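Please look over the structure shown below before reading on.

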Amino acid sequence: MNNLPSIKQLQYLIAVHQHQHFGRAAEACFIGQSTLSSAIQTLEETLGCQLIERENRSLMFTDIGEEVVTRAKKIIADTMSVKELTKSYKHPLSGKLTLGVIPTVASFIAAPLYQFCKQHFEQLQLVLVEDTSDRLLDKLEHGHIDMAMLALPYRTERFHTQVLAKDHFSLVHHKDYHIADNVTDFNLLPEQSVFLLEREHCMTGHALSACHLNRSDCINPFEAANLHTLLSMVEYQNGVTFLPQMAINAGILNGKPMVARDTLGDAYREIGLLWRKTTGRIRDFRLFSEQVSEFVNVQCVQSKS
């Protein structure tokens, strides 16, 4: 059999690429620098080409070295997937699971979701990470989290996506702020009367799309960094906003002189779970999504009143 690179050699190569320094890479791998350097040299001899150019205290990856790093990452990911597959088969929904959640979902269900998982998955150690959609997808792609809970639609083609629930939007305003009772076309709202979150929050795009609001004159140029600032603008009768049902169910309007009106039936965002298509924990993640789907649906249920 041909002499092949070892998994450990590839891990060392990836560490050097990540840290761009032999000493720091060795520390991250918990080995001596000489051991790491020797392993990289042996790897280069095995492959028959130079992967890293070394000059004094600096280093630079060659073109083929960059390509080998890319392939090495996939090999490591596939190897980890095999290990995850066997562990998931023997002990379903056990061990550590890191779930990323976007702020406009985490703010309302992170705490009860954590309790739900503790009660229903006794062998599972759930770790929650709150971050924006783009950052969570990057963390998911690079293996820093196992799953992500996002609001959809979003650019999720690279991952498996499981829709959990529909989260309908309501038009929210102060009870004394005059809005025609029969308003269904939100493009007829007063000029600069619609207050929204910053564009980096996907909820803004979802609300505009779901509520078919495309008249820019309606939208106030002010962009709130969080929902509490957004609501304060509306509470002072400066205008209106749109809130998802899970936020209303979580009590964000409790004690406030606000009115939440149902919008059109198709005005909603979808809440979904994402995971890598290459993961070996597909069985685990499907079981997890089935039970979490019931929980999320309860958080999004619309009032009958």
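## Spaces closed inside the model

What is the volume of the second largest cavity? In this predicted model, the second largest cavity has a volume of about 40 Å³, and the residues that line it are Leu196, Leu197, Met203, Thr204, Ala207, Leu230, Thr241 and Phe242. Strand S7 (194-197), helix H7 and strand S9 (241-244) each supply at least two residues of this lining, with H7 giving the most, 3 residues. When the lining of the second largest cavity is divided by class, 6 residues are nonpolar and 2 are polar, while none is charged.

The count of cavities of 30 Å³ or more comes to 2, and the largest cavity holds about 60 Å³ of space. Around the largest cavity lie Ile102, Pro103, Thr104, Thr132, Ser133, Glu200, His201 and Cys202, a lining that has 3 nonpolar, 4 polar and 1 charged residues.

By class, the lining of the second largest pocket is made up of 6 nonpolar, 5 polar and 4 charged residues.

Helix H2 (residues 22-29) and helix H3 (residues 33-47) have axes that come within 8 Å and cross at roughly 100 degrees. Because angles of 65 to 115 degrees count as roughly perpendicular, H2 is described as roughly perpendicular to H3.

On the side of H2, the contact is made by Phe22, Gly23, Ala25, Ala26 and Cys29, and on the side of H3 by Gln33, Leu36, Ser37 and Ile40. The contact of H2 with H3 has 6 nonpolar and 3 polar residues, and no charged residues.

## Charged pairs

Side chains of opposite charge can pair when their charged atoms come close. A search of the whole structure finds 11 salt bridges, and one of the residues that forms a salt bridge is Arg71, whose partner is Glu67, with the closest N and O atoms 3.0 Å apart. Arg71 and Glu67 both belong to helix H4 (residues 63-90), where they lie 4 residues apart, about one turn of the helix.

Terms used:
Residues numbered from 1 in each chain as written. Predicted model: local features only at pLDDT ≥ 70, side-chain atom pairs only at ≥ 80, totals over all residues. Heavy atoms only, no water. Nonpolar A, V, L, I, M, F, W, Y, C, P; charged D, E, K, R; others polar. Axes fitted to C-alpha atoms, helices over the stretch in contact; angles between N-to-C directions. Parallel < 35°, antiparallel > 145°, perpendicular 65-115°, else oblique. Contact = heavy atoms within 4.5 Å. Salt bridge = Lys/Arg side-chain N within 4 Å of Asp/Glu carboxyl O. 1 Å grid on protein atoms, 1.4 Å probe; cavity = no way out; pocket = protein on both sides within 12 Å on 5 of 7 lines; lining within 4 Å. Points joined across faces, edges and corners; volume = space filled by probe spheres on them.
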